[in-house]
Amino acid sequence: MPRLRKRLNGTAGQDKKGPAGKRTKTKNPGEAPATVERPSPRETSALKKCGDNVSSYWLMKSEPESRLEKGVDVKFSIEDLKAEPKQTACWDGVRNYQARNFLRAMKLGQEAFFYHSNCKEPGIAGLVKVDVQFVRMLKRFIPLAELRTHHQVHKASGGPLQHMALFTLQRLSVQPLTREEFDFILSLEEKEPS
């Protein structure tokens, strides 16, 4: 999970919670254990292209509930981002090399979903722009269970979420999205939960 800190004078600085430490993934009681799907060569190729800055859309995970790690509370929800000065924070603390490479591939102004992870009900809570600036809350919270249902249907039917990294590379805290994935998920906020 990433650690967000305030941006001071245009550079990453320390926030009131202390320095970003090393991050580890803990078991999440709110997320049902899923079998880890290995990406197909096609998916790996698509993710490599996203890493080469073909992707303009992203999914960024953060923990909305308090959890101490080496004495530092790693909680940072979309509400916390909204409360930051200029509703902007620096995204750091990403240790996984692939997630770090995706983070480096991002450009200012690109859109990302803010995903609440490692909590009772994980899911997409809102939109942000990279450097991470709050854009808006989604009209409704889109839970992981709903996304998983669409993913399973799309795997069989060839829909837009069939290769979504949230399910094929689920441990990454920063993930690329295709335009089709982004548009489909955004359309869900207008629909009743399935």
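1. Rings of Phe, Tyr and Trp (its six-membered ring) pair if their centres lie within 6.5 Å; planes under 30 degrees apart are stacked, over 60 edge-to-face, and the rest tilted. Tyr57, Phe113 and Phe182 make up one aromatic cluster. The structure has four aromatic pairs.

2. The model is predicted: local features need pLDDT of at least 70, side-chain atom pairs pLDDT 80 or more, while totals for chains, interfaces and linings use all residues. Residues are numbered from 1 along each chain as its sequence is written, and side-chain values use heavy atoms, without hydrogens and water.

3. Tryptophan 58 and phenylalanine 102 form a tilted pair, 6.1 Å centre to centre with 50° between the planes. Tryptophan 58 sits in strand β4 (residues 57–62) and phenylalanine 102 in helix α3 (residues 97–105), so the pair ties together parts 44 residues apart in sequence. Helices (H or I, at least four residues) and strands (E, at least two) are DSSP runs, numbered from the N terminus. Both residues are buried. Buried means under 20% relative accessible area, exposed over 50%, partly exposed in between (1.4 Å probe, protein chains only).

4. For tryptophan 91 and phenylalanine 114, the ring centres are 6.0 Å apart and the planes at 85°, so this pair is edge-to-face. It links strand β7 (residues 90–92) to strand β8 (residues 111–116), with the two residues 23 apart. Tryptophan 91 and phenylalanine 114 are buried.

5. Helix α3 has Ala99, Phe102 and Ala105 buried. Down the axis, its buried residues fall within an arc of 120° (directions from the helix axis to the C-beta atoms), so they line one face of the helix. Tyr97 and Arg104, on the other side, are exposed.
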